[in-house]
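Colleague: Please take me through this model, beginning with the terms you rely on.

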Amino acid sequence: MCPFHGKIIPRDEQGNPMNPEDIQRLKQEEQQKQKAKADWQDPELMREIEAATGVDLGSSKYDRKDKKGKGKKRKYPNLTDLRQQSNTSRSRLEKRVLNK
């Protein structure tokens with residue numbers, strides 16, 4: 001018995017439990033976790049409550065199906081892009097003064 005993870009289950013090479021009792025017990029635990037989570041984290045229920053109360057409960061956080069990605073991640077986020085034109089007071093003045 002592991003104090004952090006609970007009962008130690010013998011598994012095969014692919015990580016599946018070897019005993020049929022363990023398989024059934026794991027399936028039951030997963031179903032219980034889904035039932036407990038679905039009660040208060042149901043996105044449809046949260047949207048209905050948000051519409052009725054006008055308070056943001058964070059229903060969009062649990063419903064990721066409708067959302068697209070946050071965009072392209074930069075490979076090196078801390079580096080400065082040299083191709084990007086700097087937006088300084090000098091460059092803004094040059095645009096106005098020199099374009100006349």
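Modeller: A residue is called buried under 20% relative accessible area, exposed over 50%, and partly exposed in between (1.4 Å probe, protein chains only). The model is predicted: local features need pLDDT of at least 70 and side-chain atom pairs count only at pLDDT 80 or more, while totals for chains, interfaces and linings use all residues. Residues are numbered from 1 along each chain as its sequence is written, and side-chain values use heavy atoms, with hydrogens and water left out.

Colleague: How many salt bridges does the structure hold?

Modeller: There are three salt bridges, each a side-chain nitrogen of Lys or Arg within 4 Å of a carboxyl oxygen of Asp or Glu.

Colleague: Which residue forms a salt bridge with Asp22?

Modeller: Arg25 does, with 3.6 Å between the closest N and O atoms. Both residues belong to helix H1 (residues 20-40) and lie three residues apart, about one turn of the helix. Helices here are DSSP runs (H or I, at least four residues), numbered from the N terminus.

Colleague: Is Asp22 buried or exposed?

Modeller: Asp22 is buried, at a relative accessible area of 5%, whereas Arg25 is partly exposed at 26%.

Colleague: And what does Glu29 meet in a salt bridge?

Modeller: The side chain of Glu29 meets that of Arg25, at 3.1 Å from N to O. These two are four residues apart in helix H1, so about one helical turn separates them. Glu29 counts as partly exposed because its relative accessibility is 32%.

Colleague: Where is the remaining pair, Arg90 and Glu94?

Modeller: Arg90 and Glu94 are in helix H4 (residues 89-98), four residues apart and therefore separated by about one helical turn. Their side chains meet at 3.1 Å, N to O. Arg90 counts as exposed at 61% relative accessibility, and Glu94 as partly exposed at 35%. As for networks, salt bridges with shared partners join Asp22, Arg25 and Glu29 into one.

Colleague: Turning to H2, which of its residues are buried?

Modeller: Pro43, Met46 and Glu50 are the buried residues of H2. Viewed down the helix axis they fall within an arc of 60°, so they line one face of H2; the arc is that of the directions from the helix axis to the C-beta atoms. Glu44, Glu48, Ala51 and Ala52 are exposed on the other side of H2.

Colleague: What about Arg47?

Modeller: Arg47 has its place in helix H2 and counts as partly exposed at 37% relative accessibility.

Colleague: What follows H2?

Modeller: Gly54 follows H2, with a positive phi near 80°. Val55 is found in the loop between helix H2 (43-53) and helix H3 (59-62), and it counts as partly exposed at 47% relative accessibility.

Colleague: Which residues form the nonpolar patch on the surface?

Modeller: Leu45, Ile49, Val55 and Leu57 form that patch, with about 310 Å² of accessible area together. Patches take residues with over 30% relative accessible area and no salt bridge, joining like charges within 9 Å and nonpolar side chains (Val, Leu, Ile, Met, Phe, Trp, Tyr) within 5 Å. Accessible areas come from the Shrake-Rupley method with a 1.4 Å probe; for residues, only the protein chains shown count as cover.
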